[in-house]
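Please keep the sequence and the model in view while reading.

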Amino acid sequence: MCMGHYYGDHVRSLLVAAAVLMTVTTPFFIDLIHKPIFFAILAMLVLVILSGLINPKQRGLVAVTTITSAVSFLVFEYYAITSFKEFGLKNLFFWVNETIALLCLLATYFGTKSVRGLSQQ
């Protein structure tokens, strides 16, 4: 199997980085998260599990990981924009959410390239 269009390793690294950043920073922003904390912890776990499972032999899993990355981007970019509107540019909650959103956006890009490349085989 040609691996030229598989970027799962990039996706894995980006999503693990996002999950680690979430894990490290969530306790500091507990009062700013408007959903039950269980959902934040579940999101961290889902990102890490999908990162560990992604591989080119399971095209469906690559697609699911890409969709999860895209949904994660939407959630974290929403939080970044709303925290920017409420607190301004100097707020750490904005920057953490923006960083996680960017990691997820890049994971979505590489995941999409992988889905496209694997579907052409």
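Arg12 is partly exposed, with a relative accessible area of 25%, where buried means under 20% relative accessible area, exposed over 50% and partly exposed in between, for a 1.4 Å probe and protein chains only. The model is a predicted one, in which local features need pLDDT of at least 70 and side-chain atom pairs count only at pLDDT 80 or more, while totals for chains, interfaces and linings use all residues. Residues are numbered from 1 along each chain as its sequence is written, and side-chain values use heavy atoms, with hydrogens and water left out.

Arg12 forms a salt bridge with Asp9, with 2.6 Å between the closest N and O atoms; the term stands for a side-chain nitrogen of Lys or Arg within 4 Å of a carboxyl oxygen of Asp or Glu. A search of the whole structure finds one salt bridge. Both Asp9 and Arg12 belong to helix H1 (residues 8–25), where they sit three residues apart, about one turn of the helix. Helices here are DSSP runs of H or I with at least four residues, numbered from the N terminus. An α-helix has 3.6 residues a turn, so residues three or four places apart point the same way.

Helix H4 (residues 92–119) has 28 residues and reaches 40 Å from its first C-alpha to its last, close to the 40 Å expected at 1.5 Å a residue, the expected span being 1.5 Å times one less than the number of residues.

On the surface, Phe38, Phe39, Leu42, Leu45, Val46, Ile49 and Leu53 form a nonpolar patch with about 650 Å² of accessible area together. Such a patch is made of residues with over 30% relative accessible area and no salt bridge, nonpolar side chains being joined within 5 Å; the areas come from the Shrake-Rupley method with a 1.4 Å probe. Leu45, one of these residues, lies in helix H2 (residues 37–53) and counts as partly exposed at 48% relative accessibility.

Some C-alpha separations follow.

| Pair | Along the chain | C-alpha to C-alpha |
|---|---|---|
| Ile37 and Thr108 | 71 residues | 24 Å |
| Ile67 and Thr108 | 41 residues | 7.3 Å |
| Glu98 and Glu77 | 21 residues | 6.1 Å |

Ile67 of helix H3 counts as exposed at 55% relative accessibility, whereas Glu98 counts as buried at 16%.

Technical notes. Helix = DSSP H or I, 4+ residues; strand = E, 2+ residues; numbered from the N terminus. Patch = residues over 30% accessible without salt bridge, like charges linked within 9 Å, V, L, I, M, F, W, Y side chains within 5 Å.
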